[in-house]
Amino acid sequence: MPAIIPYIPNVTRIPVRGPAPFNVLVCVSMTILHPSDPDGVIVPNDGTLIRFGGTVATPFILAGADPRFAPPFQHSTTLSLIQIGPAPDNDFVYAVDSVTDAGFDKITHAWTVSWSAALAATGSLPAELCVEWTTVTDANGNTQQECSAAELPCALQVTSYVLCYEPPLPNPPPPPPDPLTHFGKQRKLLSHQVGPARTRAPHSRSTPGPAGTQIANLTDRKTHRKR
Amino acid sequence: MAGFDRLSGSLYGEVKTEYHFGGIVVGRILDSNNPNDVASASRLEVDIDVPNRKMVIFSGIAIPEWSVFDDDDNLQDTYTVNLHYPVLAVDQATMAVGLASVGNGDTDFLFACDATELDIDPITQELSLKVSLANRGNPSALNRFSYQVVVTAVTAVTQISGTIYWDKSIFMPKTPSGAVYLALFQVTADTFYTPPSDGFSTEVLTIVARGKTLPVVEKGNDFAMPYEISAAPFNTPLKVAVVPGHAFATAPGNTLVTQISGPRPLTLTPANATISGVDFRVQHLAPPR
């Protein structure tokens, strides 16, 4: 199962007035594939509920942290399931039960969240999920392999809002461009490019043809060169 | 299959929610102050430099424990999470919800968080999050859903405050200040009712807001510990409860906490959102000889 790549900005810092001593509200969101480590959670295929915990260091690194003191913070954190595994013909439970801890890592100062989760399964599981097989013999003496334990894929979304203190930057970055000015420049640029193109002859080389023709032309050129 | 215990929900066990009532599907109110209703409930209050307005962020994992036994229909239900935060009005709000614990027993299934709505209780002025859920399967359990609410609201911060006194002969903390004081008392604002009974009945208290204690000071022969309770609901009769914590270690006997001043019960209103002087005294009753 490939790792899921987060598709939204991970960390947003919002300057706030307080409460003291806090000066920034940080929103950090992250997608976690669980079990994420090579020795993932093995779930017996007999319905036993397996409880386990997880911890993730998020991309939010507290700036300017003083290693001599634990940084003050307040947080509001939650987790949800955003993917559960295939369940073609089986019983299952996928659960993220609670946030068990959250805080800054003492060494890296990364915002770290821990949670408790649970998984259970029984029945017919896809072969690619099975990590243990058991040979069973039926009443007629025929033997077959049955999945006795599996790794169930499960993805979580963790989102934290963290009130904390970060020292202001000595040289604040320049303000973002005025959107209206930016838009005006874009319009000028567009009119400059699009305007003349409309006046060109339909057989101009720069005029794109129907979809797919550019690839076809490239192929022709390569073929022509080979000859 | 082995039974699933309550922490992650019951798939075949007891159905926590009676969702059919006279043929009508009935939802349930989940109390964010009750860890059996909402796990990991948390709240952040942020100053946004606008008078009488705050940004408030609520997060948690709600525990509807909604089991169904029907894989022919999608059953729908609405659950309300009482966020226990009084506001006068909501300016803007964003709500995000997601599934947190689901289970099914080898049948067709569906789990969904369909819609959300943020309401203000007309009496208590508390914010409540309504979440429309759908569930299908035989059996199927939608045990938990997570939520995160970001709101900017017009606030009238409610506050109940007072002081807890006790004689130095009863208990003297080992250190004059520090974290030990935080564990001395649990202070809460509670709703109350007395269930009907033929004989002796006990008043039932339900916590609606938790307070924090402040550093203790010496006053003559007493220690005095101020406390504050914020975000208690409006228009609701309340009683302040002070319970000695494990750190308040006295000689053998019973510890009695009595309210010595201030209204009991008390009711906060938008016009009277702050009540102070709700004071208590701790007494020690020696065991009989």
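A residue is buried if 20 or more other C-beta atoms lie within 10 Å of its own, exposed if 12 or fewer, and partly exposed in between, with C-beta atoms placed from the backbone. By that count, 38% of the 289 residues in chain B are buried. The model is predicted: local features need pLDDT of at least 70 and side-chain atom pairs pLDDT 80 or more, whereas totals for chains, interfaces and linings use all residues. Residues are numbered from 1 along each chain as its sequence is written, with chains lettered from A and ligands numbered from 1 in the order in which they are written.

**View 1. Chain B as a whole.** Chain B has zero helices and 18 strands; helices (H or I, at least four residues) and strands (E, at least two) are DSSP runs numbered from the N terminus. Two residues are in contact if their C-beta atoms, placed from the backbone, lie within 7 Å. Among contacts in chain B with a separation of 6 or more, 73% are between residues 24 or more positions apart.

**View 2. Strand E5 of chain B and its two partners.** Strand E5 (residues 53-62) of chain B has nine of its ten residues buried, so it is largely enclosed by the rest of the structure. Two strands pair if DSSP finds at least two bridges between them. Strand E4 (residues 38-47) of chain B pairs with E5(B) in the antiparallel sense over eight bridges. These two strands form a hairpin with five residues between them, and Asp49(B) in the turn has a positive phi of about 65°. E5(B) also pairs in the antiparallel sense with strand E9 (residues 126-154) of chain B, over ten bridges.

**View 3. Ala62(B) and its surroundings.** Ala62(B), in E5(B), is the bridge partner of Val38(B). In E9(B), the bridge partner of Ala62(B) is Phe145(B). Not counting residues up to four places away in sequence, Ala62(B) touches Leu30(B), Asp37(B), Val38(B), Tyr79(B), Val81(B), Arg144(B), Phe145(B) and Tyr147(B).

**View 4. The largest nonpolar core.** A nonpolar core is a set of buried Ala, Val, Leu, Ile, Met, Phe, Trp, Tyr and Cys residues joined through C-beta atoms within 7 Å. The largest one has 104 residues, and those with the most contacts inside it are Leu119(A), Ala62(B), Phe145(B) and Ala232(B). E9(B) gives the most to this core, with twelve residues. Domain 1 (6-154) and domain 2 (159-285) of chain B each supply at least three residues of this core. In soluble globular proteins, nonpolar side chains tend to be buried together.

**View 5. The contact between chains A and B.** The contact takes 36 residues from chain B and 37 residues from chain A. On the chain B side, E4, E5, strand E7 (89-105) and E9 each supply at least two residues. E7(B) gives the most to that side, with eight residues. By class, the side of chain B that touches chain A has 16 nonpolar, 14 polar and six charged residues; Ala, Val, Leu, Ile, Met, Phe, Trp, Tyr, Cys and Pro count as nonpolar, Asp, Glu, Lys and Arg as charged, and the others, Gly among them, as polar. Strand E6 (residues 89-104) of chain A and E7(B) run antiparallel and are joined by five bridges. Phe92(A) stands opposite Asn104(B) in E7(B).

**View 6. The two domains of chain B.** Chain B is divided into domain 1 (6-154) and domain 2 (159-285), with bounds that come from an automatic or database domain assignment. The contact between them takes nine residues from domain 1 of chain B and nine residues from domain 2 of chain B. On the domain 1 side, the largest share, three residues, comes from strand E6 (residues 66-86) of chain B. By class, that side has four nonpolar, four polar and one charged residues.

**View 7. Backbone exceptions in loops.** Most residues other than glycine have a negative phi, and most peptide bonds are trans. A cis peptide bond joins Gly18(A) and Pro19(A), with omega about 10°; Pro19(A) is in the loop between strand E1 (11-15) and strand E2 (24-34) of chain A. In chain B, the peptide bond from Arg264(B) to Pro265(B) is cis, with omega near 0°, and Pro265(B) lies in the loop between strand E16 (254-261) and strand E17 (274-275). His109(A) is not a glycine, yet has a positive phi of about 60°. His109(A) is partly exposed, with 18 C-beta neighbours inside 10 Å. Asp106(B) has a positive phi near 55° and lies in the loop between E7 and strand E8 (110-120) of chain B.
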